[in-house]
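Please look over the sequence and the structure below before reading on. The paragraphs that follow are meant to be read with both in view.

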Amino acid sequence: MAIKFEKLSYIYSPDMPYATKAISDIDLEISEGKITAIIGKTGSGKSTLIQHLNALLLPSSGTLTIADFTITSDKKPKGLKALRRKVGLVFQFSEYQLFEETILKDVAFGPKNFGFSEEEAIARAKEALGLVGLDESYYERSPLDISGGQKRRAAIAGILAIDPDIIVLDEPTAGLDPRGTKEMIALFSALNKKLHKTIILVTHDNEIVYESADEVVLLEDGKVVCKQDAHSFFEDRALLKSHAIIEPKIVKLKDLLMDKGLKLDNIYSIQDLAVALGGNHE
Amino acid sequence: MNNIVFGKYIPLDTPIHRLDPRAKILAMLVMLVAIFIPAGWTGYVVLALAISFVVKVSKIKFKVIIRAFRPLIFMMCFLLVVNILSVKQGQLLVDIGFVKIYADAIFNTLYIIIRLFLMIMLTTILTMMTKPLDLTLGIEYLLGPFKRIGVPAHEIAMMISIALRFIPTIIEETIRIMNSQKSRGVDFEEGKLKEKITAVVSLVVPLFSVSLQRADELANAMEARGYVPDAQRTRYRRLHYVRRDYILLVGAILILLAMIALALFL
Ligand SMILES: Nc1ncnc2c1ncn2[C@@H]1O[C@H](COP(=O)(O)OP(=O)(O)OP(=O)(O)O)[C@@H](O)[C@H]1O
Ligand SMILES: [Mg+2]
């Protein structure tokens, strides 16, 4: 399931005096089986870009290919349902999509739409709810009266229950507490490592990117600035500086230590750093 | 869905945008009356020319205004059919069994459609070229004299301005929820009746829930800032008529008089 954007542009309200070109000439390939983080300032076009992955927006020009699906500007694409079964999209404000009487039913809604039987949909829903950390006591509660963070978990479960090959998440951790954030990131890593899902993560949190992503795509004003390996991205001081990107804490700490003369190559986690500094972590 | 333009304000800086909202509202009312005066084809040509002139000055593409009509096409067709079949005057043009079409039916229907067209065009121009806030300010000013007989002018204006303010937000919300549900496999275009109902429910429930939440938050925010509906208040912005507003009003009234003259003497 390779994903390839070619010269893709999208313009909102093209006929209006206030037409905005949200993304332009995107040439990008997203690797299969990896966790790719899409970062960039507010308004840089991240959400616009990823909505194309479900053909919710059709390009104004250019093409997008996802495995054997091709999405272009001029036609109503066919096989949309099959595409959406393969690529699951969790929206930036996903907590507003809940509507069933109970959380369990709501999470089972997706699988049912994609043709799973009632029992199977419920089974998948239970599994997905377990993954996001909502236990049995939540099954029968109304999705409209739980907290924002719990709604978000339920919404993520709603997509996981469909079991897509590619999972796209737009700011999945906004509004979660630090512990919830950690759990979610661990979940995405596990989905990637154990079930070999391709994960695309839009986030403003560089700590998360550094910790979990394999590759980073940096967007600015609707254009791709660069796409590279996450670790080398954060080592590139000049690049970070010129785009006003705040480096993760561990990179900063390493910088300080290296300034003092320590040699710390190939160290990318707190654990490794502790060991390198002479501690004996596990 | 992305192309809902029905009267949405378009931020530009044109002479029409700069007019006093009261003058625009009054001129529109005068023109609406003018449209309903049976002044024959000449009259419609005059009106169409006047309105086209306004569109030209406003710099808004004609295409955009025409698009505002799309949702109404169905209604117009319905009207057309009913009207053509029910009017039984003038020369008989078509006669196939029980379907009889008369000349007057066609003309009458055309009149109605042109009237509707012009009316919608006028109101669309007004809302596209007037900030919602200005519009309500204008309404409040115009209703002012009726306060004495108990018309809650300020409350009406506030309600209208809140409603106008939230229309684009709700449209945005609708698109967002539809998109989320599409990702979960809902098909809003096709499907059996049962699937269609589920699709609609999956849209309407979250939309209501969000809107009610919004309304609640807004009410709290207003109260927290000490809003009391019937308090005496002064204004930060005051409206003053200037020359261009008088020109607009005089123009509108002249057109109305011309229509009356045409109707009486032709
Ligand atoms: N529905 C819309 N209509 C018009 N313009 C839009 C719309 N949605 C987004 N835009 C514009 O497109 C550009 C990109 O927006 P987008 O939502 O993709 O940004 P983003 O990177 O996701 O930002 P954030 O980090 O705040 O979520 C912005 O300039 C925005 O103003
Ligand atoms: Mg966004």
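What follows is a walk through the ligand site, the metal site, the domains and a few single residues.

This is a predicted model, in which local features need pLDDT of at least 70 and side-chain atom pairs count only at pLDDT 80 or more, while totals for chains, interfaces and linings use all residues. Residues are numbered from 1 along each chain as its sequence is written, chains are lettered from A and ligands numbered from 1 in the order in which they are written, and side-chain values use heavy atoms, with hydrogens and water left out.

Around ligand 1 there are 13 residues, of which A:Gly43, A:Lys46, A:Ser47, A:Thr48 and A:Gln92 come nearest; a residue is near a molecule or strand if one of its heavy atoms lies within 4 Å of it. This shell divides into two nonpolar, nine polar and two charged residues, where Ala, Val, Leu, Ile, Met, Phe, Trp, Tyr, Cys and Pro count as nonpolar, Asp, Glu, Lys and Arg as charged, and the others, Gly among them, as polar. Strand E2 (20–30) and helix H1 (46–51) of chain A each supply at least two residues of the shell, and H1(A) gives the most, with three residues. Here helices (H or I, at least four residues) and strands (E, at least two) are DSSP runs, numbered from the N terminus.

Taken alone, ligand 1 exposes 630 Å², and the protein buries 65% of that; accessible areas come from the Shrake-Rupley method with a 1.4 Å probe, and for residues only the protein chains shown count as cover.

Which protein atoms are the donors of the magnesium ion (ligand 2)? They are OG of A:Ser47 and OE1 of A:Gln92, lying 1.9 to 2.4 Å from the ion, where donors are N, O and S atoms within 2.8 Å of the metal (3.2 Å for Na, K and Ca), and sites may look incomplete because water is not among the atoms. Since A:Ser47 lies in helix H1 of chain A and A:Gln92 in the loop between strand E6 (87–90) and helix H3 (103–113) of chain A, the pair ties together parts that are 45 residues apart in sequence. A:Ser47 counts as partly exposed at 21% relative accessibility, as does A:Gln92 at 26%; buried means under 20% relative accessible area, exposed over 50%, and partly exposed in between (1.4 Å probe, protein chains only).

Chain B is divided into domain 1 (1–152 + 239–266) and domain 2 (172–229), with bounds that come from an automatic or database domain assignment. The C-alpha centres of these two domains of chain B lie 32 Å apart.

By contrast, A:Lys241 lies in helix H9 (residues 237–242) and counts as exposed at 72%.

Most residues other than glycine have a negative phi. Phi of A:Asp25, found in strand E2 of chain A, is near 50°, a positive value, and A:Asp25 counts as partly exposed at 44% relative accessibility. Phi of A:Glu171 is likewise near 50°, but A:Glu171 lies in the loop between strand E7 (166–170) and helix H6 (178–195) of chain A and counts as buried at 11%.
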